[in-house]
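Hi everyone, thanks for coming.

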Amino acid sequence: MQIRRLRTIAVTAVLVAVASAAAVYVPPRARHRSENVALGRQWADLLEKHSTFSGQQSSPAVEVAFSYAPPTDENLRRLRETYDLAAIAGDGSETERLINLMAWVCRLTGHANEPVIPKELNAFNLIRLATVEHMLINCYMKTVILNEVYLAMGWESRWTHLLPHSNEDAASHFVTSVYARTLGKWVLMDPDFGVYLTDEAGQLLGVSEVRSRLISGQPLIVNDVNAGGRLSTAWESARDFIIGADYLWFLTDFMFKIRCPQRSLFNQAAEPNRVYFELIPDGYRDELLQQPKITEDGRRTFYLNDEGLFWQDPPAPL
């Protein structure tokens with residue numbers, strides 16, 4: 001009887017603690033739910049209104065060709081050997097190896113919204129800052145690392161800048177797009193959140209497929225490499241519901257336009273006169289197709305409206 005009474009007291013105490021925590025946590029966050037839900041609908045409406053890419057020609061016409069540094073590049077070879085990337089990738093299928101490498105980069109350190117951007121933006125320096133100086137880094141820096149990791153392992157890869165309809169200088173998101181040859185397509189890996197997306201059959205998806213499914217309402221499964229047990233997952237789902245925001249809500253804002261560099265290589269940020277291609281949908285500022293944007297430092301951005309051209313397959317390996 002004594003044991004049963006103690007159990008009852010313990011359970012009651014836990015329930016009281018949970019209720020107290022919920023009373024503190026839920027109300028302030030729930031107040032933001034309606035605002036977040038409204039924002040999500042606004043972003044979804046913008047995607048739906050600009051859902052297509054009809055392949056309008058740029059004027060003047062530009063040759064759209066992407067290039068990727070080979071794994072024989074000296075810096076990439078050194079990166080591969082220094083961190084024994086083959087062991088991190090493992091001996092599984094191609095998709096398993098891609099996921100393992102993404103998970104490793106994700107777990108190097110935590111996230112910071114506005115960290116100091118170092119002058120040297122390459123995997124060696126960023127890994128050192130993350131693991132030796134315990135610096136928190138953002139999506140851009142984790143994408144730089146993962147992109148160079150994939151290149152070092154022989155995969156064609158691009159860092160991919162996901163941009164909203166407007167106010168892109170205030171907020172955007174970076175992910176890594178890597179070409180999975182066994183699937184014959186580009187797939188999205190997010191080393192900042194530690195997630196990749198699949199369809200209902202478990203097939204990995206790329207940026208273009210994710211954008212399309214966000215618009216059509218087709219299923220999108222978010223796979224989190226850091227997911228805990230059932231209790232942790234249930235709590236995260238409850239939290240997302242309370243605040244009216246989750247990862248797909250977040251992506252809905254940043255899947256409007258997509259920008260990638262023409263050349264994907266080690267220490268890319270140090271390359272002078274960089275060239276970028278940006279994919280813009282039908283009905284969005286068609287005048288951008290008329291001429292590139294050139295910044296003071298010589299960076300050029302060419303705007304495209306051809307999704308197939310933008311996501312062209314890389315050259316077949318020799």
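Let's begin at Asp-190, whose bridge partner in β5 is Val-195. Before I go on: this is a predicted model, where local features need pLDDT of at least 70 and side-chain atom pairs count only at pLDDT 80 or more, while totals for chains, interfaces and linings use all residues. Residues are numbered from 1 along each chain as its sequence is written, and side-chain values use heavy atoms, with hydrogens and water left out.

Strands here are DSSP E runs of at least two residues, and helices are H or I runs of at least four, numbered from the N terminus. Strands β4 (residues 185–190) and β5 (residues 195–198) run antiparallel, joined by two bridges; two strands pair if DSSP finds at least two bridges between them.

Zooming out, nine strands make an open, mixed sheet, ordered β6-β5-β4-β3-β2-β7-β9-β11-β10. At the edges sit β6 (221–224) and β10 (293–294), each pairing on one side only.

Now, which strands does helix α5 touch? Helix α5 (residues 94–106) packs on β3 (173–180), β4 and β5. Contact, by the way, means heavy atoms within 4.5 Å.

And then there's the core: 81 residues in the largest nonpolar one, with Ile-145, Tyr-150, Met-189 and Phe-310 touching the most other members. Helix α7 (residues 139–152) gives the most to this core, ten residues. By nonpolar core I mean buried Ala, Val, Leu, Ile, Met, Phe, Trp, Tyr and Cys residues joined through side-chain atoms within 4.5 Å, buried being under 20% relative accessible area with a 1.4 Å probe, protein chains only.

Note on methods
Buried means under 20% relative accessible area, exposed over 50%, partly exposed in between (1.4 Å probe, protein chains only). Axes are lines fitted to C-alpha atoms, for helices over the stretch in contact, and angles run from 0 to 180 degrees between N-to-C directions.
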